[in-house]
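Please look over the sequence and the structure shown here before reading on. The report that follows takes up a few places in the chain and then widens to the whole.

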Amino acid sequence: MIDAEWLYWVCGLFFVVGASFSYRQAQYGGAAFWALLGLSFCYSTFVVDKTAPAWPLGLAVLVIAGLAGFGALGRTTIATTGQADRITAASMLRGKLFVPALMIPLVALIFATMIASITVNGKPLLATGTATLTGLGVGALLAVAVGLVLLRPAGGLRAGVPLAEGSRLLQAIGWAAVLPQMLAVLGLLFANAGVGAAVGSVVSAILPKGSLLIAVILYCVGMALFTIIMGNAFAAFPVMTAAVGWPVLVQQFHGNPAIVFAVGMLAGFCGTLCTPMAANFNIVPAVLLEMKDRYGPIKAQLPTAAPLLVCNIAIMYLMGF
């Protein structure tokens, strides 16, 4: 009865608001970038429903890529709360500042585990496969509302502040904000082009028969390596799953698909910690924090990524079969 399309529209309208901030400061390239991105989120609903042609969406993607590639976004200065306001709010709220952030995963968990099972007149309340995404959107909106209420004693109850601050952060990140979607699409292109089958043939040639441990190591390490190359575990997942995960670990060794693929994604995330290709995770924070070493986050994360990968291999081997 309720699907996740409303969330895509909310995201799209937020990007359009960001475009308006760029336009006001005569950053027309940035305004075009964010406006096209936002309108694409909304227009895609009609493309999926097959009530509108897809070619305008493809044209918009090409223009967005061109604007980003030629550095047309520019730099936009958006006035939000001042340093004094933030210090005052932080001193008053202290630990309560974490409440809005913690609400997002909590609400998403409630939707995924409880609300997803609710039915009305025999029909599920939430569309199949959208419970977590819907919960994420609802949690984010509730977090904004709770944040405004918490900030009221500090003089922060201004509805425009979340839009202004969100747009400021979005434009500081720049084109890297859309990198995860582009890399995820790249993974699908690789899978459709047969890269997974090619990798699978190589793995079959070097994999000793009956060696479950070697197969698990190849899958987990392959997920990490492809993530390092492609910058996103979601891009690496279809390639390595088509090559090793499904044909070898599930079909040949009868692994539990839920455990194998979930831990496989976690192994890919170990690669995310190690790569500058994951710019929105590892490069943008260094820029926002004005760090002297732009690769500082990666260097700090390497000692965690390596042992975590070993732990994921052990968990999959011991619990997935």
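Lysine 50 is placed in the loop between H2 and helix H3, the latter covering residues 55-69. In this predicted model, lysine 50 is exposed, with a relative accessible area of 74%. The phi angle of lysine 50 is near 60 degrees, which is a positive value in a residue other than glycine. As background, most residues other than glycine have a negative phi.

A second residue of this kind is histidine 254, which has a positive phi of about 60 degrees although it is not a glycine. Histidine 254 belongs to the loop that runs between helix H11 (233-252) and helix H12 (257-272). With a relative accessibility of 64%, histidine 254 counts as exposed, because the value is over 50%.

## The chain as a whole

The protein chain holds 15 helices and 2 strands, and its C-alpha trace spans about 65 × 50 × 45 Å along the principal axes. Of the 321 residues of the protein chain, 37% count as buried.

A pair of aromatic rings is described by the distance of the centres and the angle of the planes. With centres required to lie within 6.5 Å, the count comes to 8 aromatic pairs. One of them joins tryptophan 9 and phenylalanine 46, whose ring centres are 6.0 Å apart and whose planes stand at 85 degrees, so the pair is edge-to-face. This pair links distant parts of the chain, since tryptophan 9 is in helix H1 (residues 5-24) and phenylalanine 46 is in helix H2 (residues 28-48), 37 residues apart. Tryptophan 9 counts as partly exposed at 31% relative accessibility, and phenylalanine 46 is partly exposed as well, with a relative accessible area of 37%.

The rings of phenylalanine 15 and tryptophan 34 likewise have their centres 6.0 Å apart, but their planes meet at 20 degrees, so this pair is stacked. Phenylalanine 15 lies in helix H1 and tryptophan 34 in helix H2, so the pair ties together parts of the chain that are 19 residues apart in sequence. Both phenylalanine 15 and tryptophan 34 are buried. These two residues also belong to a cluster, in which ring pairs link Phe14, Phe15, Phe33, Trp34 and Phe41.

## Arginines over rings

Where does the charged end of an arginine sit over an aromatic ring? One such place is phenylalanine 21, where arginine 24 lies over the face of the ring at 5.0 Å from the ring centre. Another is tyrosine 295, over whose ring the charged end of arginine 294 sits, 5.7 Å from the centre.

## How helices pack

Two packed helices are described by the angle between their axes and the distance between the axes. For helix H5 (residues 98-113) and helix H6 (residues 131-150), the axes come within 7 Å and cross at roughly 150 degrees. H5 and H6 are therefore roughly antiparallel to each other, because angles over 145 degrees count as roughly antiparallel. The crossing in which H5 passes H6 is right-handed. In the contact of H5 with H6, the residues divide into 16 nonpolar and 5 polar, with no charged residue among them.

Helix H6 also packs with H1, here at an angle of about 45 degrees and with the axes 9 Å apart. H1 and H6 are therefore oblique to each other, and their crossing is left-handed.

Leucine 93 has its place in helix H4, which covers residues 83-93, and at 11% relative accessibility leucine 93 counts as buried. The C-alpha atoms of leucine 93 and leucine 150 are separated by 7.6 Å, while along the chain these two residues are 57 residues apart.

Isoleucine 298 is found in helix H15, which covers residues 296-319. Is isoleucine 298 buried or exposed? At 7% relative accessibility, isoleucine 298 counts as buried, because the value is under 20%. Isoleucine 298 and isoleucine 87 are 211 residues apart in sequence, and from C-alpha to C-alpha they are 29 Å apart in space.

Conventions: Residues are numbered from 1 along each chain as its sequence is written. This is a predicted model: local features need pLDDT of at least 70, side-chain atom pairs count only at pLDDT 80 or more; totals for chains, interfaces and linings use all residues. Side-chain values use heavy atoms; hydrogens and water are left out. Rings of Phe, Tyr and Trp (its six-membered ring) pair if their centres lie within 6.5 Å; planes under 30 degrees apart count as stacked, over 60 as edge-to-face and the rest as tilted. Helices (H or I, at least four residues) and strands (E, at least two) are DSSP runs, numbered from the N terminus. Buried means under 20% relative accessible area, exposed over 50%, partly exposed in between (1.4 Å probe, protein chains only). A charge sits over a ring if NZ of Lys or CZ of Arg is within 6 Å of the ring centre and within 35 degrees of the ring normal. Axes are lines fitted to C-alpha atoms, for helices over the stretch in contact, and angles run from 0 to 180 degrees between N-to-C directions. Angles under 35 degrees count as roughly parallel, over 145 as roughly antiparallel, 65 to 115 as roughly perpendicular and the rest as oblique. A crossing is left-handed if the near helix is turned anticlockwise from the far one by less than a right angle, and right-handed if clockwise. Ala, Val, Leu, Ile, Met, Phe, Trp, Tyr, Cys and Pro count as nonpolar, Asp, Glu, Lys and Arg as charged, and the others, Gly among them, as polar.
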